[in-house]
Amino acid sequence: PHMVSYSEMIEFVCGDDPDGGPEQIRNSISAVLCNARKQLAFLGFKLFTEWGRGYRLELLPQRQRIAA
């Protein structure tokens with residue numbers, strides 16, 4: 001699975017901002033990812049943290065998915 005680093009996320013979100021985006025953009029991204037984990041789990045995905053590298057998203061096997 002493909003991994004996405006914080007730098008790539010910041011570039012995607014703030015790439016057009018000449019100042020590089022808000023000072024606390026890393027905290028904002030972390031908060032969004034934290035909230036997204038629950039929604040992704042409901043859809044059968046898991047967001048893995050690769051400490052010091054970034055994040056990767058995987059589809060869970062059927063038996064590990066949350067029943068709707």
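The legends below describe close-up views of side-chain contacts in a predicted model.

**View 1. The aromatic pair of Tyr6 and Tyr55.** A search of the whole structure returns 1 aromatic pair. The ring centres of Tyr6 and Tyr55 are 5.8 Å apart and the ring planes meet at 75°, so the arrangement is edge-to-face. Tyr6 belongs to helix 1 (residues 6–14) and Tyr55 to strand 3 (residues 54–59), so the contact ties together parts 49 residues apart in sequence. Tyr6 is buried, at a relative accessible area of 15%, and Tyr55 is buried as well, at 12%.

**View 2. Arg26 over the face of Tyr6.** Arg26 lies over the ring face of Tyr6, 4.2 Å from the ring centre. Tyr6 also takes part in the edge-to-face pair with Tyr55.

**View 3. Arg56 over the ring of Phe48.** The charged end of Arg56 is placed over the Phe48 ring, at 4.3 Å from its centre. Arg56 is buried, and its side chain also forms a salt bridge with Glu50.

**View 4. The salt-bridge network of Glu50, Arg53, Arg56 and Glu58.** The whole structure contains 3 salt bridges. Arg56 meets Glu58 with an N to O distance of 2.1 Å, and Arg56 meets Glu50 at 2.5 Å. Glu50 is also bridged to Arg53, at 3.9 Å from N to O. Both Arg56 and Glu50 are buried, Glu58 is partly exposed with a relative accessible area of 25%, and Arg53 is exposed at 53%. Shared partners join these four residues, Glu50, Arg53, Arg56 and Glu58, into one network.

How values were computed:
Residues are numbered from 1 along each chain as its sequence is written. This is a predicted model: local features need pLDDT of at least 70, side-chain atom pairs count only at pLDDT 80 or more; totals for chains, interfaces and linings use all residues. Side-chain values use heavy atoms; hydrogens and water are left out. Rings of Phe, Tyr and Trp (its six-membered ring) pair if their centres lie within 6.5 Å; planes under 30 degrees apart count as stacked, over 60 as edge-to-face and the rest as tilted. Helices (H or I, at least four residues) and strands (E, at least two) are DSSP runs, numbered from the N terminus. Buried means under 20% relative accessible area, exposed over 50%, partly exposed in between (1.4 Å probe, protein chains only). A charge sits over a ring if NZ of Lys or CZ of Arg is within 6 Å of the ring centre and within 35 degrees of the ring normal.
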